[in-house]
Amino acid sequence: IEKNTKVIKKEWIRNLLRISIYQLTFMSSDAKGVVWEATEIAKKHGIAISKFINGTLRNYLRNKDLEIKKLHDEKNYEILYSIPQYFCDILEKQYGSENLNQAIISLKKIPYLSVRVNKLKYSEEEFEEFLKEKDIQIIKKVDSVYYVNSINSKEFKEGKIIAQDASSYLAAKNLGAKPNDLVLDICAAPGGKTAVLAEEMKNKGEIIAIDIHQHKKKLIEENMKKLGINIVKATVLDARNVNKQGRKFDKILVDVPCSGYGVIRKKPEILYTKNRENVEELASLQLEILNSAADILKDGGELIYSTCTIISQENTENVEKFLNERKEFKVKALNIPENVSGEYDKLGGFSINYKEEIMDNFYIIKLVKEEKC
């Protein structure tokens, strides 16, 4: 706008240009139609203003391709993709300059709806038959998680299916919870991963699902009731103090609070509400929670550390610090389906990253506490 105009005194004129240029640049809109509509709107305020709008937009169209090419050549991703420069720097450091553009585009894609079949009430065969009847397309399937083009059914209310991404499902699945285990789920709300654990346990045993917020405790309880799960005890507790509650667990899922940079597709506001300082604070909190959980894992017990972020400081670097201090813990192999893209880090943790077209970006690593001699 600044390149194509000298002075804009009224904000509605600037906003009309913003909307129009956005359509011309980022949407599959008919260019002539966009210019015509904007001109017609401006006519209500006089012919002179309408001519100004028309001329400005036509001038932009003549130079658009050249301007966009220039932004690409200069790697001005901050303008091209509305990505803060500090986050571009993080991505470039992690993935290399040759993969930066692909990584940014990956995070800007429109997310698909994903649902998981609750096998305590339903079967994959029944669900697939339902999808066939409704002519709903399966875009990707990871175990019992389906990515579909649309769905709106009573199966949600009946607890036969639950909205869940395959990434969070795999974090819970890899814990390897078994019937009659005593399991701890840290920062559990709203209960999607808790439900996976309960299903793996055949609804036998006990799961303590903790969250720091009282209203989220109720949310976990409501979801478990809907899904037909009765082995979960939801508790309000600060995860940093979980080692003070007095019990030891067979398995612990440590899905810690994080910057959320892996779910930008679903929560684009993260790009504008988080910064470097947030990451540093979160990394410290995550390590504190992990250490607290480690204290109450039984000898021979297993633990999953996971985040929905791509930041190495919150993932690999944090776990490396932990392993350097806690020599009794070793990394155990994960089971990641072949149709899930990403890469293993130097420790053996798996990052679902920009290489994955459909799923949320996620980090998962499995640790085992060796038995004392």
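**Notes on the predicted model**

1. Aspartate 255 stands opposite serine 306 in strand 9. The model is a predicted one. Strand 8 (residues 249–255) and strand 9 run parallel and are joined by six bridges.

2. Strand 9 also pairs with strand 13 (residues 362–369); these two run antiparallel, again with six bridges. Here leucine 303 is placed opposite leucine 367 of strand 13. Strand 9 spans residues 297–307, and eight of its 11 residues are buried, so the strand is largely enclosed by the rest of the structure.

3. Asp255 comes up again at the largest pocket, where Asp255, Ala189, Pro190, Lys193 and Lys267 are the residues nearest the centre. The lining comprises 45 residues, and the volume is about 1,100 Å³. By type, the lining residues are 23 nonpolar, 12 charged and 10 polar.

4. Which elements each supply at least two residues of that lining? On the strand side they are strand 1 (113–117), strand 4 (161–163) and strand 6 (206–211). The helices are helix 10 (192–200), helix 11 (214–227), helix 12 (270–273) and helix 13 (276–295).

5. The second largest pocket holds about 890 Å³ of space. It is lined by 26 residues, and Thr25, Phe26, Tyr60, Leu71 and Ile79 are the closest to its centre. Two or more lining residues come from each of helix 1 (11–26), helix 3 (47–73) and helix 4 (77–80). Helix 3 gives the largest share, eight residues. The lining of this second largest pocket divides into 11 nonpolar, eight charged and seven polar residues.

6. There are nine aromatic pairs in the structure. One of them joins tyrosine 77 and tyrosine 81, which are stacked at 6.0 Å centre to centre with 25 degrees between the planes.

7. Phenylalanine 127 and phenylalanine 130 form another stacked pair, with 6.2 Å between the centres and 20 degrees between the planes. The two residues are three apart in helix 7 (residues 124–133), so about one helical turn separates them. Phenylalanine 127 is buried at 0% relative accessible area, and phenylalanine 130 is buried at 10%.

8. How many disulfides does the model contain? The count is zero. For cysteine 187, the closest cysteine sulfur is that of cysteine 258, 10.0 Å away, which is too far for a bond. Cysteine 258 is in no disulfide either, and the nearest cysteine sulfur to it belongs to cysteine 308, at 3.3 Å. The cut-off matters for reading that value, because a disulfide is counted when two cysteine sulfur atoms lie within 2.5 Å.

9. Cysteine 187 is partly exposed, with a relative accessible area of 21%. Cysteine 258 counts as buried, at 13%. The two values fall on either side of the limit, because buried means under 20% relative accessible area.

Conventions. Residues numbered from 1 in each chain as written. Predicted model: local features only at pLDDT ≥ 70, side-chain atom pairs only at ≥ 80, totals over all residues. Heavy atoms only, no water. Phe/Tyr/Trp six-rings, centres within 6.5 Å; stacked < 30°, edge-to-face > 60°. Helix = DSSP H or I, 4+ residues; strand = E, 2+ residues; numbered from the N terminus. Buried < 20%, exposed > 50% of the residue type's maximum accessible area, 1.4 Å probe, protein only. 1 Å grid on protein atoms, 1.4 Å probe; cavity = no way out; pocket = protein on both sides within 12 Å on 5 of 7 lines; lining within 4 Å. Points joined across faces, edges and corners; volume = space filled by probe spheres on them. Nonpolar A, V, L, I, M, F, W, Y, C, P; charged D, E, K, R; others polar. Pairing = 2+ DSSP bridges.
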